[in-house]
Structures are given as structure tokens and as C-alpha cells.
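Trainee: I would like to learn how to read the features of a model like this one. Can we go through them step by step?

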Amino acid sequence: MLRIDRICTSLFILAFALLIPSVKIATFTDELIAGLMGVIAVADCIVNHAWRRYTLLWIIVAVMTFYAAYSIIFVHFNTPGAIVTDWIIQLKPYVPFVVFLAVKPSFSGKQKQWLRYIAIVNASVCTISFFMPKEPFQLIMGHISYPGMVLLLCAVVYAFTSDNNRLSQKDILIIIAMLSAGLLCGRSKYYGEFIISIFFLFFYTRYALSDMSLKRKILIFVIPLLVVAAGWGKFRYYFLTGESTAYDPEVLESYARPVLYATGALVLTDYLPFGSGLASFCSWASTDPYSSLYHEYGISSVYGLSPSQPFFICDAFYPSLAQFGIVGVILFAIFWIYVLVLLRRLIRKQPVSNRLPFAIGYIITFSLLIESIASTTIVQTSGMCAMMLLGAICSESRPTQQIKPHHNEY
């Protein structure tokens, strides 16, 4: 029998070790991991006759393939080559999740120890990078938000590798240190992720709100308001006023991110129900060749969105959902609702022993959803690692499916 679980755990360790090199050196890591995961699924089906446990993967591939065909046949905003490239990009985050969900990989004690070593090294490099001059920092990390996400991943991986899902006093101190170091990135979205992480790791119980005192309940509702207040200045800068002090509707066309969101909403309403198609809007594949949709909506002259300077076209993930239309938005929401259902099922199964995996799953889910507001983390190496870990956690809430024996042993 082909030991898919061992291959999966090894790939996760490799991807986690390459989190920082993948920014500038091993930039192919995310595609490599997704491709290998796809090969693993096919090999498992052929060798171990495990076709049924990958049903979700075949559904997702079928949906993406439908959109690729729709993009080529019915809408013509880009070339078939660009559409195939975007087909691969859009599949990337889902393949690792579904494979880990299907395989239910189990990490050995030695593998967990290696993950802890890697987490400490990654966290140390990220923390040191915050104090580097601008040029070497950009050479290593690319963007200031990236080390924040890596530090958060290091914290949840460190928690995931704890003995019997219980955090020792030393574990708690190390995890808090990693999460706190991430605050140095100065990004408003990370502040929210930090609060979510602290709450679910150290304060959440299944009946948390019902068992809390009134003072703690007030605190739980006040803290998010403080986070929003702290981040309002940057929200106002990016989405409303830019460098001015008053809201001006005309300034909308001068800033890439609000333009993408506003145009994405128009695309959703204009191209019902399946959107503008792959490689047409807000994805890397829509920049080379340059999608004609940007000309159609008159945003090709906006700084950062032009054919010669498409720097900010991949600045956020949510606007790219306009490519899939209302149907795609609904399917995206259904996927994450499914994830939350699996996590709820996990904690109901074993409220005490599964509390930590449940907390990590919620942290990953909400962090990815927050990140997608102003980045494309979900299709990067960091997002791939997060989705693999999320799949491994969610797999514990699914019954193990029997695999037909095969005479080959690997």
C-alpha cells in the first residue's frame, strides 16, 4: 500500500521550511507543492483505489474546469494560455487542503520536533528582519506584511506540535513571543489576527460566552472595537481619502485597491451569473497578457493597474472572485462554511482533547479570510502551508474511509 500520509507530512515540513526562501529564491514552491499534492491524489486513487475519499477534490477540479471552458468559449478577455495558468493558480489553495483532509496524515514525534525547530528558526529570522534596513529587508521578505503571517504560522504550528494537544508553560511563552513579534509588522489586519489567536488559544472554551462573567463578556466585545479603531487610520488612507483629510469621490480612481473592489462589484453585476472568467480580473494571470477587461471598465490608466505597471492588480484576493460571478462567490462561501462545520464537529466529538486543534483551525480560517482583504496570501506558500495544516485538523472530524488492499507495497 502506498503510504500517502508519510509523503504528505514530509511535504508539509518542506513547505514550512521554505516559507522565507519562497519569497525571493524558491519562488516555485507554491506551484511545486500544489502539483505534488495533485500527483499524490491521483497516485493514491490508482494504487490504493481511494477514488471516493477525494470526491471533494474532483468536484472542485470540475468547477474550475467549467470556468476555464466558460472563459475560453463565452468570454474572451484573455488568451487560452493565460486562462490555463489562472486555472492552476485558483486551484492551488484547495488541492493541499483536500488532500490532507482525505489522507488524515499523522505527524511522528520526530517530525513534530523538526517542525518546532523550523518554527523557531523562521520566527527568529522574521523578528530580526524587522530591524534591518529597507533594502535587505525587501530582498529577504519582499513586503512588510509577510513576516507577520509567517510568525502567526510559526505560532500555530508550534501549538499544533504540542504533546497530547496540551500546552506547557514553556509552549505558552514561546507562542506568545512569536505572536507578539508579529505586531512589529505594523499592519492593521495583523492586529485583528493577533487578538483572534490569543482568544482562541488561551481563553476559548466550548461554552466560553455562557460561562464568562459580565466583565469578561464586555472585554471580548470591546477588544475588537479597539482593534478597528487602531486600524481606522490605514483603512481611511487606503479606501477613502488617500493623503487628503476629507473624503472625495473622485479620489477613488487614484488608488488601486478601492478601484479593484469597486470595479469587482460592477463586474459581478454585469456578468451574471458566472462572472468575467479566468485570467480576466485581479489575478496574476490577468497581467500577462494584459486582460482587456481593464480597458473595458476604464481602469487601465490607474497607477498600479496599467499594462506597463500592473504592480497592484494582485493586491487583494476578494476582488478576483468577480471572475467567478455570483455563483462563484456562493461556492466560495459554501467551502468556508463546510470548513467551519468540520471544526465544530471536531470539538463536539471531544470538547477537551480537541480544544487546541479546534482553536488552531479557527485561527487559520479567520486569518486567511482577513488576509484576503488586502493580500493574496491564500495562493502563496504561506497560504498553502496554512491550508495543509487546516486540512489535517479538519480530517480528524471525518470518519476514516476503508481502502481496498493492493498487492504493491511502497
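Mentor: Start with the aromatic rings. This is a predicted model, and a search of the whole structure finds 32 aromatic pairs.

Trainee: How is the pair of Tyr 318 and Phe 332 arranged?

Mentor: Read two values, the distance between centres and the angle between planes. Tyr 318 and Phe 332 are 6.3 Å apart, centre to centre, with 85° between the planes. Planes over 60 degrees apart count as edge-to-face, and this pair is edge-to-face.

Trainee: Which parts does that pair tie together?

Mentor: Tyr 318 lies in the loop between helix 15 (293-296) and helix 16, while Phe 332 is in helix 16, so the pair ties together parts 14 residues apart in sequence.

Trainee: What about the rings of Phe 358 and Tyr 362?

Mentor: Their centres are 4.5 Å apart and their planes are at 35°, so this pair is tilted. Both residues lie in helix 17 (residues 355-374). They are four residues apart, about one turn of the helix. Phe 358 is buried at 0% relative accessibility. Tyr 362 is buried too, at 12%.

Trainee: Which residues form the aromatic cluster?

Mentor: Tyr 94, Phe 97, Phe 317, Tyr 318, Phe 332, Phe 335 and Trp 336 form one cluster. The edge-to-face pair of Tyr 318 and Phe 332 belongs to that cluster.

Trainee: Where does a charge sit over a ring?

Mentor: Look at Arg 116. Its charged end sits over the ring of Tyr 158, 3.9 Å from the ring centre.

Trainee: Now salt bridges. What is the general idea?

Mentor: Side chains of opposite charge can pair when their charged atoms come close. The cut-off used here is 4 Å between nitrogen and oxygen. By that rule the count comes to six salt bridges.

Trainee: Which side chain does Lys 92 meet at 2.8 Å?

Mentor: That of Asp 30, N to O. This pair links distant parts of the chain, 62 residues apart. Lys 92 is in the loop between helix 5 (80-91) and helix 6 (94-103), and Asp 30 is in helix 3 (residues 29-48). Lys 92 counts as buried at 4% relative accessibility. Asp 30 also counts as buried, at 8%.

Trainee: How far apart are the closest N and O atoms of Lys 92 and Glu 31?

Mentor: They are 3.6 Å apart, and the two residues form a salt bridge. This pair also links distant parts: Glu 31 is in helix 3, 61 residues from Lys 92. Glu 31 counts as partly exposed at 39% relative accessibility.

Trainee: What partner does Glu 371 have?

Mentor: Glu 371 forms a salt bridge with Lys 189, with the closest N and O atoms 3.3 Å apart. Glu 371 is in helix 17 and Lys 189 in helix 11 (residues 188-202), 182 residues apart. Both residues are buried. As for shared partners, Asp 30, Glu 31 and Lys 92 are joined into one network.

Trainee: Let us turn to the backbone. Where are cis peptide bonds found?

Mentor: Check omega. Leu 272 and Pro 273 are joined by a cis peptide bond, with omega about -5°. Another joins Asp 288 and Pro 289, with omega about 0°. Pro 273 lies in the loop between helix 14 (256-270) and helix 15. Pro 289 lies in the loop between helix 14 and helix 15 as well.

Trainee: What is phi of His 49?

Mentor: Near 55°, a positive value in a residue other than glycine. His 49 lies in the loop between helix 3 and helix 4 (55-73). Lys 104 also has phi near 55°, and its place is in the loop between helix 6 and helix 7 (109-129).

Trainee: Which residues form the nonpolar patch on the surface?

Mentor: Leu 272, Ile 326, Ile 330, Leu 331 and Ile 334, with about 450 Å² of accessible area together. Ile 326 is found in helix 16 (residues 325-349). Its relative accessible area is 37%, so Ile 326 is partly exposed.

Trainee: And how many helices and strands does the chain have?

Mentor: The chain has 18 helices and zero strands. Buried residues make up 51% of its 410 residues.

Key
Residues numbered from 1 in each chain as written. Predicted model: local features only at pLDDT ≥ 70, side-chain atom pairs only at ≥ 80, totals over all residues. Heavy atoms only, no water. Patch = residues over 30% accessible without salt bridge, like charges linked within 9 Å, V, L, I, M, F, W, Y side chains within 5 Å. Areas by Shrake-Rupley, 256 points an atom, 1.4 Å probe, with all protein chains shown as cover. Helix = DSSP H or I, 4+ residues; strand = E, 2+ residues; numbered from the N terminus. Buried < 20%, exposed > 50% of the residue type's maximum accessible area, 1.4 Å probe, protein only. Phe/Tyr/Trp six-rings, centres within 6.5 Å; stacked < 30°, edge-to-face > 60°. Lys NZ or Arg CZ within 6 Å of the ring centre and 35° of its normal.
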